[in-house]
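This briefing covers a protein model for a reader who works with coordinates. The sequence and structure come first, then the notes.

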Amino acid sequence: MPEIVSDGKERHYRVIHAQLDLAESETLYRRSKEQGIHLNDVFMAAFGKAIQQYCGVGEISLACPTDMRKFLPEGEQKQLRVQNMTGRYNIHVPATLDEPLAETAWNVHRAMDQQKEERAFLESFRSMIGRLDNGASVAELQGEVEKNYHIRGISYTNLAIIDADQLQLGDSVVRDAWISGGFRTMPLYQIAVSTFRRHVNLVANVIGTPTEIQFAKAVMNQMKLFLLSL
C-alpha cells in the first residue's frame, strides 16, 4: 500500500465498517453459487483487486488463514483449546487492473483448490520435522521460527458466520454483529469478513491520521463495489 505523506496530525485507533444490505448479500450468495465458486474466493478476489488499484501490481498475492482444527480426528475437533490452530495458504494470481471480478475469483478458486489439495499450510511443519530428523534441537527450531515469523503488511481474513441463534446475551436481541482483526498502523492493512443474519460485513481496525483513515475507508468501499459487480 502507498504510504501517505504525514499531515502532521496525531494517529488514532479507528474501526472501519461497511456492510452489504440483505438484498446485496443474497445476490452475492446466488451469483457465486451460480458460477461454482466459494464466497471466500469472491471475497479474496475483491479485496485483492481493491488493493491492486492503489498499488498498480500485475499479480494478487494474499495470505489466507485456515482453521487447522478441521484436520484433527473427528472426536477432537470440538474440544476447547487454548492454542493457535491457524495455518496459512499463500496464493499468487496474475490479474490485470481491468480484469472482471468473476475471472479473478475463478483464478483464486483454482489457486486455493491446489493449495488445499497439497495441504500447503503444512509445508513449514514438514521442513521443521525434517530438520529434527537430521539432528536439529527444538530450541534451534524455536529460534528459527521467532527469527522468520512475520505478519504480512497486507492480509485478509474470513471470520465466517456468526450464528445469531448461539449469540445469546441474556434477554437482549443482537441485531447486528461483526468480528475484526488486530489494529495495524497505516499503511499496514487487513480486512476481516464475516456474516451475521445473512448480511456481509467488512471490517478493518486501523491506526492512522484522519487522512490515512479516509484512505482505509476508500479501499474498503472499493472492495464493496467489486463485490457488487459480480
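This is a predicted model: local features need pLDDT of at least 70, side-chain atom pairs count only at pLDDT 80 or more; totals for chains, interfaces and linings use all residues.

Residues are numbered from 1 along each chain as its sequence is written, and side-chain values use heavy atoms, with hydrogens and water left out.

**Surface patch**
- Y13, V15, W178 and F183 make up a nonpolar surface patch with about 420 Å² of accessible area together.
- Patches take residues with over 30% relative accessible area and no salt bridge, joining nonpolar side chains (Val, Leu, Ile, Met, Phe, Trp, Tyr) within 5 Å and like charges within 9 Å.
- A salt bridge here is a side-chain nitrogen of Lys or Arg within 4 Å of a carboxyl oxygen of Asp or Glu.
- Accessible areas come from the Shrake-Rupley method with a 1.4 Å probe, and for residues only the protein chains shown count as cover.
- V15 lies in strand 1 (residues 12-20); strands (E, at least two residues) and helices (H or I, at least four) are DSSP runs, numbered from the N terminus.
- V15 counts as partly exposed because its relative accessibility is 44%, where buried means under 20%, exposed over 50%, and partly exposed in between.

**Helix 3**
- Helix 3 (residues 101-117) has 17 residues and should span 24 Å at 1.5 Å a residue, which agrees with the 24 Å between its end C-alpha atoms.
- The expected span is 1.5 Å times one less than the number of residues.
- Its buried residues include L101, V108, M112 and Q115.
- The buried residues of helix 3 pack against helix 2 (39-55), strand 2 (59-67), strand 3 (86-94) and helix 6 (210-228).
- R119 follows helix 3 and has a positive phi, near 50°.

**Cysteines**
- With a disulfide taken as a pair of cysteine sulfur atoms within 2.5 Å, the count is 0 disulfides.
- C55 is in no disulfide, and the nearest cysteine sulfur, that of C64, is 19 Å away.
- C55 is partly exposed, at 31% relative accessible area, whereas C64 is buried, at 4% relative accessibility.

**F196**
- F196 is in strand 6 (residues 189-196) and counts as buried, at 1% relative accessibility.
- Leaving aside neighbours within four places in sequence, F196 is in contact (heavy atoms within 4.5 Å) with I162, A164, L167, V174, R175, D176, A177 and N201.
- F196 and P65 are 131 residues apart in sequence and 20 Å apart in space, C-alpha to C-alpha.

Key: Buried means under 20% relative accessible area, exposed over 50%, partly exposed in between (1.4 Å probe, protein chains only).
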